[in-house]
Amino acid sequence: MRLVIDTNILISALLAPNSLPAELVVLWRSGRFDLLTTEEQLDEIRRVTRYPKIRERLAPAIAGRLVRDLRALAITLTGLPVVEMSADRDDDYLLALAAAGAADFLVTGDKRDLLGIGVYAGTKIITVRDFLTQHGQRA
C-alpha cells in the first residue's frame with residue numbers, strides 16, 4: 001500500500017506524540033505501508049518547523065529526524081506532473097505526488113481544499129482517523 005501524507009499531518013505527529021497523526025507515522029516507520037514524498041515536501045517540512053510558533057514547541061532535532069527518516073525510508077519521487085486541482089495551489093504537489101506514485105491514499109486534515117476532492121487519479125483522499133479505522137488500527 002502506498003500513501004502520501006500531507007505535511008500538516010506529519011507536523012502534527014511531531015507536536016503531539018500521542019495523537020492519531022503520530023500513530024500513523026509509527027505505522028509507516030514500522031513498514032506497514034510505503035510513504036511517498038518529494039523534495040518539495042521535505043523543503044516544506046524544514047520551512048514550517050522553523051516558524052517561531054512551531055520552534056517554541058518542537059526541538060529542531062526532532063524535525064531533523066523526520067526529514068532524515070523520510071530521506072532514508074520513504075520513496076522520493078521527482079519529475080511530478082503539473083496539477084492544478086486544489087483550491088490551494090500549494091497543495092497541488094500532493095495531488096501530483098499521489099498521481100505519479102500511484103498512491104492508494106492521500107491522508108490529510110485539509111477539509112477545505114483536499115478532502116472535498118474525495119478521489120484524485122485513483123487516490124482516495126481521507127483523514128487520519130478514517131485511514132486508521134479502515135485499516136484496523138482504530139475502532
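The second largest pocket is lined by Ala13, Leu14, Pro17, Ala22, Val25, Val26, Arg29, Ile62 and Arg65; a pocket is an open set of points on a 1 Å grid over the protein atoms alone, where a 1.4 Å probe fits, with protein on both sides within 12 Å along at least five of seven lines, and lining residues have an atom within 4 Å of a point. The model is predicted, so that local features need pLDDT of at least 70 and side-chain atom pairs count only at pLDDT 80 or more, whereas totals for chains, interfaces and linings use all residues. Residues are numbered from 1 along each chain as its sequence is written, and side-chain values use heavy atoms, with hydrogens and water left out.

The space in this second largest pocket amounts to about 150 Å³, a volume being the space filled by probe spheres set on the grid points, which are joined across faces, edges and corners. At least two lining residues come from each of H1, helix H2 (20-29) and helix H5 (60-73); helices (H or I, at least four residues) and strands (E, at least two) are DSSP runs, numbered from the N terminus. H2 gives the largest share, four residues. Seven of the lining residues are nonpolar, none is polar and two are charged, where Ala, Val, Leu, Ile, Met, Phe, Trp, Tyr, Cys and Pro count as nonpolar, Asp, Glu, Lys and Arg as charged, and the others, Gly among them, as polar.

The largest pocket has a volume of about 340 Å³. Among its 16 lining residues, Glu44, Arg47, Val48, Asp90 and Asp91 are the closest to the centre. Two or more residues are given to this lining by helix H1 (7-15), helix H3 (39-48) and helix H6 (92-100). The lining comprises five nonpolar, three polar and eight charged residues.

An open sheet of mixed pairing is formed by six strands in the order E3-E2-E1-E4-E6-E5, two strands being paired if DSSP finds at least two bridges between them. Strand E3 (75-76) and strand E5 (119-120) are the edge strands, each pairing on one side only. Strand E4 (residues 105-107) pairs with strand E6 (residues 123-126) in the parallel sense over three bridges, and Phe105 stands opposite Lys124 in E6.
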